[in-house]
Amino acid sequence: MLIGPYVNGSVVTIGGVVGAFLGSKLPERLRNALPQTFGLASMGLGAMLIVKVKYMPAVVLAMVLGAVIGEMLGVERGLGKMAGATRGFIDKIIPPREGLSHEEFMDKFVAILVLFCASGTGIFGAMHEGMTGDPSILYIKTILDLFTSAIFATSLGYAVATIAVPQILIQLSLAMLATLIMPLTSASMMADFSAAGGLIMLATGLRICGIKMFPVANMLPALLLVMPFSFLWASYIA
């Protein structure tokens, strides 16, 4: 039974509601410092997964070709447009917090919608639970999302809580898809999948910290390529 997506989505709702209620009562220094900690935790978890790699050349090849495919398809740009299309719907239900212009609200809301729904941690964590039954990665993301949603909701209001809906749907879809793949995998393929996910999570952490703005969503096709590449590498080269 899948647990992680429901726990993660519930916490985003709770964090969004609590953060919107607190509003500007939260100290500015805390709102600035916490995202850096979130990014550091993502990088640490990514490094932990990378060391499990079995065939690094296959992982690197998958990452490179996956990034090329993502850039050509404009995955991140497309997600941004989809997020922007929800703006009018959100305004009808939950008006944006006063003090923010339409452009400011749009920029921040689109950014966090991509962050919560299309982050490397969420995509990889959902697929990992579907394949192994282990929700630990989504649990770690849940802890981060609780504080992240609360921090963003202090300025964007209750609209942040609505992000839980697409987030749960995306994670459930990925996890159920992964259950079909599991019988076809080997231990080395799973290790290389974890390593590719770790690289994406490392890039996500660097982006959150503002060190390097990696187009993380454009790297996601690598997760579809890495296991076939790992199998081919083990079969014909290793």
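Predicted model: local features only at pLDDT ≥ 70, side-chain atom pairs only at ≥ 80, totals over all residues.
Isoleucine 143 sits in helix 8, where helices (H or I, at least four residues) and strands (E, at least two) are DSSP runs numbered from the N terminus. Is isoleucine 143 buried or exposed? Isoleucine 143 is exposed, with a relative accessible area of 54%; here buried means under 20% relative accessible area, exposed over 50%, and partly exposed in between, using a 1.4 Å probe and protein chains only.

Residues are numbered from 1 along each chain as its sequence is written, and side-chain values use heavy atoms, with hydrogens and water left out.

**The nonpolar patch**

Isoleucine 143 belongs to a nonpolar surface patch of about 800 Å², together with Ile14, Val17, Val18, Phe21, Leu22, Leu146, Phe147 and Tyr158. Patches are made of residues with over 30% relative accessible area and no salt bridge; like charges are joined within 9 Å, and nonpolar side chains (Val, Leu, Ile, Met, Phe, Trp, Tyr) within 5 Å. Accessible areas come from the Shrake-Rupley method with a 1.4 Å probe, and for residues only the protein chains shown count as cover. At least two residues of the patch come from helix 1 (4–22), and at least two from helix 8 (136–156). Helix 1 gives the most, with five residues.

Which residue forms a salt bridge with aspartate 145? The partner is lysine 141, and the closest N and O atoms of the pair are 2.5 Å apart. A salt bridge is a side-chain nitrogen of Lys or Arg within 4 Å of a carboxyl oxygen of Asp or Glu. The structure holds one salt bridge. Because aspartate 145 and lysine 141 are four residues apart in helix 8, about one helical turn separates them. Both aspartate 145 and lysine 141 are buried.

**Two helices side by side in a table**

The expected span of a helix is 1.5 Å times one less than its number of residues.

| Helix | Residues | Length | Span from first to last C-alpha | Expected span |
|---|---|---|---|---|
| Helix 3 | 56–73 | 18 residues | 25 Å | 26 Å |
| Helix 10 | 187–208 | 22 residues | 31 Å | 32 Å |

In helix 3, the residues Ala58, Val59, Ala62, Met63, Gly66 and Gly70 are buried. They cover an arc of only 135° around the axis, so they lie on the same side of helix 3; the arc is that of the directions from the helix axis to the C-beta atoms. Helix 10 is mostly covered, with 16 of its 22 residues buried. Glycine 74, with a positive phi near 65°, follows helix 3, and glycine 210, with a positive phi near 75°, follows helix 10.

**Histidine 128**

Helix 7 (residues 120–132) contains histidine 128. Histidine 128 counts as buried because its relative accessibility is 9%. Leaving aside neighbours within four places in sequence, histidine 128 is in contact (heavy atoms within 4.5 Å) with Gly133, Asp134 and Ile137.

**The whole chain**

The protein chain has 12 helices and zero strands. Of its 238 residues, 49% are buried. Among contacts with a separation of 6 or more, 86% are between residues 24 or more positions apart. The chain exposes about 11300 Å², and carbon and sulfur atoms supply 73% of that area.
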